[in-house]
Amino acid sequence: MKAPPYEVFKYLRENDPVYWQEEHNGPGYWALTRYEDIKRVELDSETFSNEPTVLISDTGIAGDDTHKHLIFSDAPHHTEHRQMLSKEIGLARVRNAKDGMERLVDSIIDLVIETGKADLVKDLSMKMASFAIADLMGLDRIESLEMFHAAEVLTRNISVTEGIGLEALTTMFKHASQAWAERSVQPRNDTLSRIAHSVIMGIPVDEFQFQLDYQLLVSAGSDTSRNVLSTGMLTLFNHPEARQALLDEPTLMPKALEEILRYTPPIIAMRRTTTMVTEIGGKKIGKGQKVVMYYGAANRDPEVFENPDVFDIRRKVNPHMTFGAGRHHCLGAHLARLELTTMFTKMLQRMPDMELAGAPQWPELGEPPMVGGPASVPVRFTPASRVADAEVAPIFA
């Protein structure tokens, strides 16, 4: 899938914004396409639960009564669990990594800058996202590339009981088990060690909980940033006037990034499950029913955004829903903004004439898809010189 079906979103938003969608292998769900309704669901976590899963499919359930995936959990477990992880990925730590992020991004660009060609996904955005999260967790950067590929497969919403899905799940499990075996016995000064020796709701973290947190950090911390950078550059290729404005006025980048996030959200949809009978948009929603929020639809709601289908890097009012809202607002939003602002800025500075050198390739996604982005984008540009040291130290203290 190359892009969310914005025309379908528009039709539903105007004609049936709380739409009942039948499922091939499930009970069906309510599809929300209006900003007001989606924000309400995000903010009302008492009525709309993240448990048992935020995936549309009922097969994507992780954890049990005492071991919980952060995103698939509610208060009070979610509250205490998030507080623990916030110390590792919060604003203070991200701010301290700003200079290191610039050096890391320069070193990644250096790997291809002299050749005049690259794959935007595999050579640039993938390494940016993967290396940054590896440094955050305390992992080897090269090792992280194997896990990144596994995470990218797992977010396609495909079967994990066979084929490449099972292979990816096995890869993730193997690396997490090795990290647990090392950190649980001999802790280091890194995020994984601190997780391994944490206590959540009075229960010491064991290997099961460690596995869930490991997969969360690798998947949420790498795949979405990769997709925003890749689809964002494709958007700039299609809007040369916006790209030229950023070349002429680099200080526009923070505002431009928010527009890229609005215009091409990496997460297509996320689910909640009702804890009681409720009503949305005049429709009665039964207890235990699935409610699915389509962020691309919310981000183009004309009730909130002026000229919502126009890509405007100077947009003044931009309360996009790409990072969610409320207590489940994306924990990695600060890191994502630092990564993306740095990488977009550096690529425009150092490869100002980058252009497509072939057709982008898109992966096969499960049904319904949850996360979207290209698998390969060949590009070319005028070769230039390296600027960074050969080795860049880990950027997180």
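**Figure 1. Salt bridges across the predicted model.** Counting as a salt bridge any side-chain nitrogen of Lys or Arg within 4 Å of a carboxyl oxygen of Asp or Glu, the predicted model holds 26 salt bridges. In this prediction, local features need pLDDT of at least 70 and side-chain atom pairs count only at pLDDT 80 or more, whereas totals for chains, interfaces and linings use all residues. Residues are numbered from 1 along each chain as its sequence is written, and side-chain values use heavy atoms, with hydrogens and water left out.

**Figure 2. Close-up of Glu 88 with Arg 93 and Arg 194**. The side chain of Glu 88 meets that of Arg 93 in a salt bridge at 3.1 Å, N to O, and the side chain of Arg 194 in another at 2.7 Å, N to O. Glu 88 lies in helix α3 (residues 77–89) and Arg 194 in helix α9 (residues 191–196), so this pair ties together parts that are 106 residues apart in sequence; helices here are DSSP runs of H or I with at least four residues, numbered from the N terminus. Taking buried as under 20% relative accessible area, exposed as over 50% and partly exposed as in between (1.4 Å probe, protein chains only), Glu 88 is buried at 8%, Arg 93 is buried at 14%, and Arg 194 is partly exposed at 30%.

**Figure 3. Close-up of Arg 300 and Asp 309**. The closest N and O atoms of this salt bridge are 3.5 Å apart; Arg 300 is buried, with 7% relative accessibility, while Asp 309 is partly exposed at 42%.

Methods: Helix = DSSP H or I, 4+ residues; strand = E, 2+ residues; numbered from the N terminus.
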